[in-house]
Amino acid sequence: MRRGSAAQFGQIGHGRIVLYIVSTPIGNLKDITLRAIETLKSVDMIAAEDTRHTKILLDAYDIQKPLSSFFEHNEIKKIDHFIGLLKMGRKIALVTDAGTPGISDPGFTMVRAAQENGIPITVIPGVSACITALTASGLPTHRFLFEGFLTPKSGSRQNRLKALKDQEATLIFYESSHRLLKTLKDMQEVWDDPVIVVARELTKKFEEVRKDKTSGLLAHFTQHTPKGEFVLLANLATGGE
């Protein structure tokens, strides 16, 4: 990829060249800002993690714009394409399936490439599952550490949990439904059965926030098959209180 300076690319079209980072709802489609709707209607193209998923949102707000996929397995070859369009004066909005682009998805690579090419970036802020869960958790919010997804490898996951054992901040993790029980078991073993908050399907019909010892959560989700997207939170310094 050929890099350019901010002076070379940032001023073309008197600031018309812009990459917009647009936050979208994490579940409830009403949780979108007026500014996000306005921006999505004004751009020339929308780069989406899953175009089928994003089209549901666009249809709900009668937004008719070209969609192009941008996800973990095609980000490298797609970045040059999008940077080229931006240099030509096209306005592009980057969205993720849910929440804020760049948080546990490849969006940051697009932002970095735009910066390296002197392309202005405008962030349209909005909801994020980690902050929504933290707000609802009842755990201390003045200091927190977002870890994203833990590795699927049990040994490496346990090692990471051991490294976090002395953290005084509230710890926040994302987890998939099919790995939830394995992760809870590791947390029970490594952290000596601490109190954990499990938040799932936030802003959706079956939203649930449960706070219990890891053993209690394991018993619950063994009896009730985990479904949806999960956020796990713990504050080991306070014992979850």
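Okay, helix α5, residues 107-116: this helix lies across β1, β4 and β5 and runs at about 155 degrees to β1. That angle is taken between N-to-C directions on a scale from 0 to 180 degrees, with axes being lines fitted to C-alpha atoms, for helices over the stretch in contact. Helices here (H or I, at least four residues) and strands (E, at least two) are DSSP runs, numbered from the N terminus. Before I go on, this is a predicted model, where local features need pLDDT of at least 70 and side-chain atom pairs count only at pLDDT 80 or more, while totals for chains, interfaces and linings use all residues. Residues are numbered from 1 along each chain as its sequence is written, and side-chain values use heavy atoms, with hydrogens and water left out.

So what order do the strands of the open sheet follow? There are 5 strands, in the order β3-β2-β4-β1-β5, with parallel pairing. Two strands pair if DSSP finds at least two bridges between them. Strands β3 and β5 stand at the edges with a single partner strand each, so one side of each has no neighbour in the sheet. From one strand to the next, the twist averages 25 degrees. Zooming in, β1 (residues 19-22) and β5 pair in the parallel sense over 4 bridges, and in β5 the bridge partner of Ile 21 is Val 123. Helix α4 packs on this sheet too, touching β1, β2, β3 and β4; contact means heavy atoms within 4.5 Å. The direction of α4 makes about 145 degrees with that of β3.

Now helix α2. Which residues of α2 are buried? They are Ala 36, Ile 37, Thr 39 and Leu 40. Buried means under 20% relative accessible area, exposed is over 50%, and partly exposed is in between (1.4 Å probe, protein chains only). Those four residues cover an arc of only 165 degrees around the axis, which puts them on the same side of α2; the arc is that of the directions from the helix axis to the C-beta atoms. The face of α2 turned away from the buried side carries the exposed residues Leu 34 and Glu 38. What covers the buried residues includes β1, β2, α3, β4 and β5. Take Thr 39: it counts as buried because its relative accessibility is 6%. Leaving out residues up to four places away in sequence, Thr 39 touches Tyr 20, Val 22 and Ile 124.

On to the aromatic rings. The whole structure has 5 aromatic pairs. Rings of Phe, Tyr and Trp (its six-membered ring) pair if their centres lie within 6.5 Å; planes under 30 degrees apart are stacked, over 60 edge-to-face, and the rest tilted. Phe 149 and Tyr 174 have ring centres 5.6 Å apart and planes at 65 degrees, so that pair is edge-to-face. Phe 149 sits in strand β6 and Tyr 174 in strand β7, so the pair ties together parts that are 25 residues apart in sequence. Phe 149 is partly exposed, at 41%, whereas Tyr 174 is buried, at 11%. Phe 173 and Trp 191 make a tilted pair, 6.2 Å centre to centre with 45 degrees between the planes. Here strand β7 holds Phe 173 and helix α8 holds Trp 191, so parts 18 residues apart in sequence are tied together. Both Phe 173 and Trp 191 are buried. There's also one aromatic cluster formed by Phe 146, Phe 149 and Tyr 174.

Last topic, charges. How many salt bridges does the structure hold? It holds 9, where a salt bridge is a side-chain nitrogen of Lys or Arg within 4 Å of a carboxyl oxygen of Asp or Glu. In one of them, the closest N and O atoms of Arg 157 and Asp 186 are 2.7 Å apart. Arg 157 lies in helix α7 and Asp 186 in helix α8, so this pair ties together parts 29 residues apart in sequence. Buried or exposed? Arg 157 is buried, at 2%, and Asp 186 is buried, at 5%. Another salt bridge joins Glu 208 to Arg 200, with the closest N and O atoms 2.6 Å apart. Salt bridges that share partners then join Arg 200, Glu 208 and Arg 210 into one network.
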